[in-house]
Amino acid sequence: MSPGIDATHDPALRSWVDSANQPDGDFPIQNLPFGRFRLGEQPWRMGVAIGDQVLDLRLALEARALPEELEPGLLPLAAGDLNAFMALGPGARSALRKALSGALAAGSQAQARLAACLVPQARVELGLPCVIGDYTDFYVGIHHATAVGRLFRPDNPLLPNYPWVPIAYHGRSSTILPSGHAFSRPWGQVRPPEAEVPELRPTARLDFELEMGIVIGGANALGEAVPIERAEQQVFGLTLFNDWSARDVQAWEYQPLGPFLSKNFASTLSPWVVTLEALAPFRRALSRPAGQPRPLPYLHSEADAAGGAFDVQLEVWLSTERMRAQGLGAHCISRSNFADAACWTVAQMVTHHTVGGCALRPGDLFGSGTLSGPRPEQAGSLLELSQGGKRPIELPGGEQRSFLQDGDEITLRGLCHRPGAARIGFGACTARVLPAVTR
Ligand code: CA
C-alpha cells in the first residue's frame, strides 16, 4: 500500500447511501469532503458530502451516531466553524474520516441513526466552506506564465526569477464568493491602445482563471518558517477556484506592483473542501518542464519531489445566455491537469510563503494561479484561448467569444481517477456574469 492509503480508500467500499455508489459521481464514500451549508433560515453548520446528500454533522452529534472521543472536533463543526476544527490538526481530520467511512459503509450499525442526519444537497444552500482569512494568489502555472509572458515579451516570456521563486501576490478575501453567486461586470481604469489618457468604464475584457484553491488548516507563529517536510501538515484540503480577471484594467494598472482592481471584484470558490487524505491515491511527481534548475534546498524534499503533486483533471465549461435560450447545454472550452500545469507543489508554496517568517492561520487561502496545460487548447483563461483576443473561440449555436459577455456562466470541475482507486470529484465551481451597475 502506498503511503497515506488505508481502508478508507478501498475502491470496493460501498455506502448504504445508494447515490454514493454511482460510478460517475463526485462524492463516493472514498471522498467525504467538508462543506458549510444551511437549510432556509437555519444557522450555518458543517456537513460532509456523500452521494447526492449532505451528512449534517450537527444532527450526527446530537444523535450520538459517531464515537464519543470525536466530540471535541464535532462541536465546532456542528456550530458551522470549520476554522476551529482545522486548528485541531490533521489527526482530528483523519480520525473523523475513519469514523465517517465506517459509519457510512454498507452494513454499518450506525445506519439507522445517521440516515436521519442526511439532507438532500438539492435542498441546501452552500456557502464558503470556512471563514477565509488572508488570501494569496500564486502563479505556479508555468505554461500559463509562458503563454501570457509571450503576449507581452515574445522573445523572453519567462522572467528570470520564475524557475526559482514561487511567485505570488497578496489578494483580498472580502470578494471571495461561494459558488453559485453571480457578480456584476466590474468598472475600472482602462487606457485603450490609441488613447492618450485613461478612462473609467466597465471592463471589456472580462476573463476567468482556472485555479485550485488551497485551504490552510494549521497555524505557524510569526517568525517561524515551516520546513518542506512538515508543510503539508499545514494544509487542510483543496477546492476549485476561479480568479475572475479584467484584462484591460490589469494591462494598465499592473506595473510596477501587480494586479489591483483587475482582480479584487470577485473570485469564486467551490463549496466542498476535498481533504489531503482523500487525495492520497492521486499523488504523483510534478511534471516540471525539462531544463528547469533544481530548486534551492529549502524548497526540496525527496518525498515532495516524488509525490507532492496531485493528479486532478480540470475542466472549464461555458454557457451563454443565447445557448441557454436555444436549449443548448454548457460547452467544455478547456481541459487541463493540476499536476501537469504547475511547476511548484502545494508544500513548496507553504514553505516559501513562510520562509521569511510570515504567519499563516487556519482559514487562509492560496490560489494556485492559472492552471493551463502544455497545449494551447488546454489553456486556463480566455486570454490564452483567444490569443489575447485575436482569435475568438467558437461555441455551439454559432457564437464566438474572445472575452466574457454579460449572461455568460463559467463552471469549473475537477476530478481524480486512476485504475485501482475510486473516482472522486470536487463538485462545481460556478458563477454568472451580470451587467455592470450604473456609475
Ligand atoms: Ca490568478
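Predicted model: local features only at pLDDT ≥ 70, side-chain atom pairs only at ≥ 80, totals over all residues.
User: What makes D137, E209, E211 and D243 donors of the calcium ion?

Analyst: Donors are N, O and S atoms within 2.8 Å of the metal (3.2 Å for Na, K and Ca), and water is not among the atoms, so sites may look incomplete. The OD atoms of D137 and D243 and the OE atoms of E209 and E211 lie 2.2 to 2.3 Å from the calcium ion, and therefore count as donors under that cut-off. Along the chain the donors follow the spacing D-x71-E-x1-E-x31-D.

User: Why is L32 called buried, and what is Q387 called?

Analyst: Buried means under 20% relative accessible area, exposed over 50%, and partly exposed in between (1.4 Å probe, protein chains only). L32 has a relative accessible area of 2%, and therefore counts as buried, whereas Q387, at 36%, falls in between and counts as partly exposed. Neither residue is a glycine, yet L32 has a positive phi of about 60 degrees and Q387 one of about 50 degrees. L32 belongs to the segment before β1 (34-38), while Q387 lies in the loop between α12 (382-385) and β23 (393-394).

User: How do you know which residues line the largest pocket?

Analyst: On a 1 Å grid over the protein atoms alone, a pocket is an open set of points where a 1.4 Å probe fits, with protein on both sides within 12 Å along at least five of seven lines, and lining residues have an atom within 4 Å of a point. For the largest pocket, 44 residues form the lining, and Y139, V148, F152, Q250 and Y254 lie nearest its centre. Helix α6 (142-152) gives the most to this lining, with six residues. The space in the largest pocket is about 1,100 Å³, a volume being the space filled by probe spheres set on the points, which are joined across faces, edges and corners.

User: What makes a set of residues a nonpolar core, and which members of the largest one touch the most others?

Analyst: A nonpolar core is a set of buried Ala, Val, Leu, Ile, Met, Phe, Trp, Tyr and Cys residues joined through side-chain atoms within 4.5 Å. The largest nonpolar core has 67 residues, of which L238, W244 and F338 touch the most other members. Strand β26 (residues 424-434) provides the largest share of this core, five residues. Another core, of 45 residues, lies apart from it and has I29, I50, A99 and A105 among its members.

Notes: Residues numbered from 1 in each chain as written. Heavy atoms only, no water. Helix = DSSP H or I, 4+ residues; strand = E, 2+ residues; numbered from the N terminus.
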